[in-house]
Amino acid sequence: GNSFQLTFGCSTFVPKAHTPFQWFGVRKEAQRNLRSLQRELAKLGVEFRPESYKASVIQALFSRGDRRVRRVIELANQYGDSLGSYRRAFKELRGTLPPLEHYCFNDWPIDSTLPWTHLSTAIPAESLQQHHESALAHFPSETQR
């Protein structure tokens, strides 16, 4: 007979500059949620292909990092370029820059000066803030974090 295999892919949220979500960090619970989703979909015979959570954390570091992250990237590259290498580099550079949590996981206050605030784009910062507030209205649990 005709059979088919359903495949479902998904990725963890990664904040990007100049978007209404630039103030949010990666959710630590996302890794657990991906595992849970994989278990539940397997029960239904659905193949689940999540993007690597660890890769998402590194993407967030690149996305939200400032010029101080340059040294972290250089060290991590020397150590093997894995999430563990980035953690090792942050440990070695402790005290010279904010911790990995600041760049990757922490939500930033909407009035903070971001590493890219000095760059002009087609979308004014006020519009991004309005869209951010609108998004929060749709996800009230995010305002309680």
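Val72, Ile73, Leu75, Ala76 and Tyr79 of helix H3 are in contact with Ser85, Tyr86, Arg88, Ala89, Phe90 and Glu92 of helix H4, where contact means heavy atoms within 4.5 Å. Sorted by class, this contact comprises 8 nonpolar, 1 polar and 2 charged residues. Ala, Val, Leu, Ile, Met, Phe, Trp, Tyr, Cys and Pro count as nonpolar, Asp, Glu, Lys and Arg as charged, and the others, Gly among them, as polar. The structure is a predicted model, in which local features need pLDDT of at least 70 and side-chain atom pairs count only at pLDDT 80 or more, while totals for chains, interfaces and linings use all residues. Residues are numbered from 1 along each chain as its sequence is written, and side-chain values use heavy atoms, with hydrogens and water left out.

**Overall architecture**

- The protein chain contains 6 helices and 2 strands; helices (H or I, at least four residues) and strands (E, at least two) are DSSP runs, numbered from the N terminus.
- Read from the N terminus, the order of elements in the protein chain is β-α-β-α-α-α-α-α.
- Taken along the principal axes, the box filled by the C-alpha atoms of the protein chain is roughly 60 × 40 × 30 Å.
- Of the 145 residues in the protein chain, 32% are buried; buried means under 20% relative accessible area, exposed over 50%, and partly exposed in between, with a 1.4 Å probe and protein chains only.
- Of the contacts in the protein chain between residues at least 6 apart in sequence, 67% link residues at least 24 apart.

**Packing of H3 and H4**

- Helix H3 spans residues 69-79 and helix H4 spans residues 83-92; their axes come within 8 Å and cross at roughly 125°.
- Axes are lines fitted to C-alpha atoms, for helices over the stretch in contact, and angles run from 0 to 180 degrees between N-to-C directions.
- H3 and H4 are therefore oblique to each other; angles under 35 degrees count as roughly parallel, over 145 as roughly antiparallel, 65 to 115 as roughly perpendicular and the rest as oblique.
- The crossing of H3 and H4 is right-handed; a crossing is left-handed if the near helix is turned anticlockwise from the far one by less than a right angle, and right-handed if clockwise.
- Glu74 also belongs to helix H3 and is partly exposed, with a relative accessible area of 33%.
- Between Glu74 and Tyr86 there are 12 residues of separation in sequence and 9.5 Å in space, C-alpha to C-alpha.

**Packing of H2 and H4**

- Helix H2 (residues 53-64) packs against H4 at an angle of about 45°, and their axes are 9 Å apart.
- H2 and H4 are therefore oblique to each other.
- On the H2 side the contact involves Lys54, Val57, Ile58, Leu61 and Phe62, and on the H4 side Leu83, Tyr86 and Phe90.
- By class, the contact of H2 with H4 has 7 nonpolar, no polar and 1 charged residues.

**The loop between E1 and H1**

- Thr12 is placed in the loop between E1 and H1 and is buried, with a relative accessible area of 8%.
- Not counting residues up to four places away in sequence, Thr12 touches Val26, Ala30, Leu34, Tyr53 and Ser56.
- His18 lies in the loop between E1 and H1, and at 25% relative accessibility His18 counts as partly exposed.
- Although His18 is not a glycine, its phi is positive, at about 60°.
- Arg27 is located in the loop between strand E1 (7-10) and helix H1 (29-43).
- Arg27 counts as buried, because its relative accessibility is 11%.
- A polar atom of the Arg27 side chain lies 2.9 Å from the backbone oxygen of Gly25.

**Residues of helix H6**

- Glu126 is part of helix H6 (residues 125-138) and counts as exposed, at 53% relative accessibility.
- Glu126 and Pro20 are 106 residues apart in sequence, while their C-alpha atoms are 10.0 Å apart in space.
- Ala125 is likewise found in helix H6 and is partly exposed, with a relative accessible area of 45%.
- Ala125 and Ala30 are separated by 95 residues in sequence and by 28 Å in space, C-alpha to C-alpha.

Terms used
Polar contact = N/O pair within 3.5 Å; in protein donor to acceptor, adjacent residues only side chain to side chain.
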